[in-house]
Amino acid sequence: MSEGFCFFQIYNFSPRPYFNVSSLYDQLEEIDKLPGEAQDVQVGNANVIEKDGLVKLSKGSKGPWMKDSQELKPCWSRTTFDGIEQSRGYVTFSLTNGPEYHVSQMADAVIVARYLAAALVLPDIRGSRPGDERNFKDIYDVEKFMKSLDGVVKVVKQLPNEISIRDLAAVKVPNRVTEDHIVENVQPIFKSKGNIRLATYFPTVNMRKTTQKSSVDSVSCLGMFGTLELQPEVSEVVDSMIEQLRTLSRKSDGLFIAVDLRVDVLENKNCHGSGTNVAKSCYNAQEIALFLRKVGFDTDTTIYLTQSKWDNSLSVLKDIFPKTYTKENIMPEEKKGKFLEFEGSELEKVIDFYICSKSDVFVPALSGLFYANVAGKRIALGKPQILVPADIPGTSATVTNYLSPYVAKKNHLAYSCFC
């Protein structure tokens with residue numbers, strides 16, 4: 001279970017959710033009885049949060065929009081890194097399953113290579129579907145990546161010809177790998193074989209910071225937050241889509257919400273807990289619509305969904321928030337052939353990750369690593385407006401009550417990396 005999803009009673013959730021439309025609109029009628037087209041939401045304990053430097057409510061806009069805070073600066077410094085030893089052997093790896101995994105995989109690879117004094121081979125990128133394989137340069141900026149690790153880890157673009165991939169020893173490490181794990185489980189294999197192929201597994205998607213300090217902390221922060229930047233074409237597509245969303249949001253001063261809501265994941269994910277205190281780990285379109293209205297967002301609010309293509313089950317959300325869009329609605333026409341070549345590609349996931357990181361408000365309808373690592377990116381960018389949905393009784397609620405615990409408690413790993 002990821003940080004920030006609340007506990008409450010669960011009702012049945014079918015693969016294709018059945019919406020009680022009559023009940024939904026009864027609730028909306030009650031919400032809409034509140035005076036005015038859009039509500040100035042009561043801020044409740046927002047003053048306390050503002051004192052902690054977390055969130056400032058935007059006084060100029062109707063609804064619960066919050067101002068960005070100042071972009072944070074890295075706590076790590078290049079002066080904290082000793083010079084790299086002459087490399088002996090190579091560490092290879094792949095980036096897989098989307099950018100929310102890439103940032104963690106990169107951090108672990110950099111830590112391992114640094115500790116072993118090995119050269120890091122530029123990774124390829126592999127999606128979850130057969131055939132979705134790309135070069136690093138297809139998504140990320142190679143030169144900026146290599147420059148970011150200059151003096152920390154030696155990076156090479158490929159293995160020397162004399163080394164066969166068949167000779168690489170396969171090594172698995174847990175996400176957020178520790179020095180102890182490297183010493184006990186990786187270093188002996190590296191000394192014996194000379195070259196390794198690394199893979200990260202995820203026993204947990206928890207990204208909370210720890211109180212225990214380690215000599216690899218600065219390397220981890222650099223690997224996770226300071227190495228991966230989009231290559232120019234991908235960055236331009238993301239920026240153009242964000243600009244389009246802001247253009248569509250003129251009535252709300254160009255502000256928009258990004259919601260991570262994917263129908264295929266809802267159909268396959270176990271959204272139920274077990275026992276009397278059950279935990280909700282995902283929310284459907286109807287639940288998200290009600291949540292956003294009850295915390296005070298006007299029906300004219302622009303919403304971006306990470307869903308690849310429109311699905312009929314999303315209509316209930318669009319009925320309430322007509323300005324609800326997916327990638328196919330707002331991507332430049334000339335880019336669709338490349339970037340939307342098939343549903344769920346790595347390019348699609350990258351677009352979702354960066355739009356959710358840069359939106360004015362982010363709402364994770366799904367728990368998991370996407371939520372956790374988007375939260376880290378937003379914290380670094382000074383965008384702490386992350387609202388964790390819940391089943392709200394009554395017709396309205398204080399928006400600050402639903403700030404992600406990653407932000408409200410400042411317990412995300414990113415707060416260890418940025419000051």
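Helices H3 (residues 99-116) and H5 (residues 179-193) have axes that come within 11 Å and cross at roughly 65 degrees. That makes H3 roughly perpendicular to H5, a label used for 65 to 115 degrees, with angles under 35 degrees counting as roughly parallel, over 145 as roughly antiparallel and the rest as oblique. Axes here are lines fitted to C-alpha atoms, for helices over the stretch in contact, and the angles run from 0 to 180 degrees between N-to-C directions. On the H3 side the contact (heavy atoms within 4.5 Å) involves Ile-111, Val-112, Tyr-115 and Leu-116, and on the H5 side Glu-179, Ile-182, Val-183, Val-186, Gln-187 and Phe-190.

All of this comes from a predicted model, where local features need pLDDT of at least 70 and side-chain atom pairs pLDDT 80 or more, while totals for chains, interfaces and linings use all residues. Residues are numbered from 1 along each chain as its sequence is written, and side-chain values use heavy atoms, with hydrogens and water left out.

H3 also packs against H6 (residues 217-225), this time at about 140 degrees with the axes 7 Å apart. That makes H3 oblique to H6, and this crossing is right-handed. From H3, Val-103, Ser-104, Met-106, Ala-107, Val-110, Ile-111 and Arg-114 take part, meeting Val-219, Ser-220, Gly-223 and Met-224 of H6.

Back to H5 itself. Its 15 residues should span 21 Å at 1.5 Å a residue, and the end C-alpha atoms sit 20 Å apart, which agrees; the expected span is 1.5 Å times one less than the number of residues. H5 has a kink of about 45 degrees at Val-186, shortly before Pro-188, the bend being the angle between axes fitted to the seven residues ending there and the seven starting there. His-181, Ile-182, Val-186 and Phe-190 are the buried residues of H5, where buried is under 20% relative accessible area, exposed over 50% and partly exposed in between, with a 1.4 Å probe and protein chains only. Their cover includes H3 and the strands S3 (90-96), S8 (169-174) and S9 (195-201). After H5 comes Gly-194, with a positive phi near 90 degrees.

The loop between S8 and H5 holds Asn-175, which is buried at 9% relative accessible area. Leaving aside residues up to four places away in sequence, Asn-175 touches Ser-104, Asp-108, Thr-200, Tyr-201, Phe-202, Pro-203, Thr-204 and Met-207.

Further along, H14 (369-381) is mostly covered, with 11 of its 13 residues buried; among them are Phe-370, Tyr-371, Asn-373 and Arg-378. H14 reaches 18 Å from first to last C-alpha, close to the expected 18 Å. Just after H14, Gly-382 takes a positive phi of about 75 degrees. Tyr-402 lies in the loop between H14 and H15 (405-408) and counts as buried at 15% relative accessibility. Beyond four places in sequence, Tyr-402 touches Phe-291, Val-295, Ile-386, Leu-387, Val-388, Ala-390, Ile-392 and Ala-397.

As for the whole protein, there are 16 helices and 13 strands, taken as DSSP runs (H or I, at least four residues, for helices; E, at least two, for strands) and numbered from the N terminus. Buried residues make up 55% of the 419 residues. Of the contacts with a separation of 6 or more, 76% join residues 24 or more positions apart.

Key: Left-handed = near helix turned anticlockwise from the far one by under 90°.
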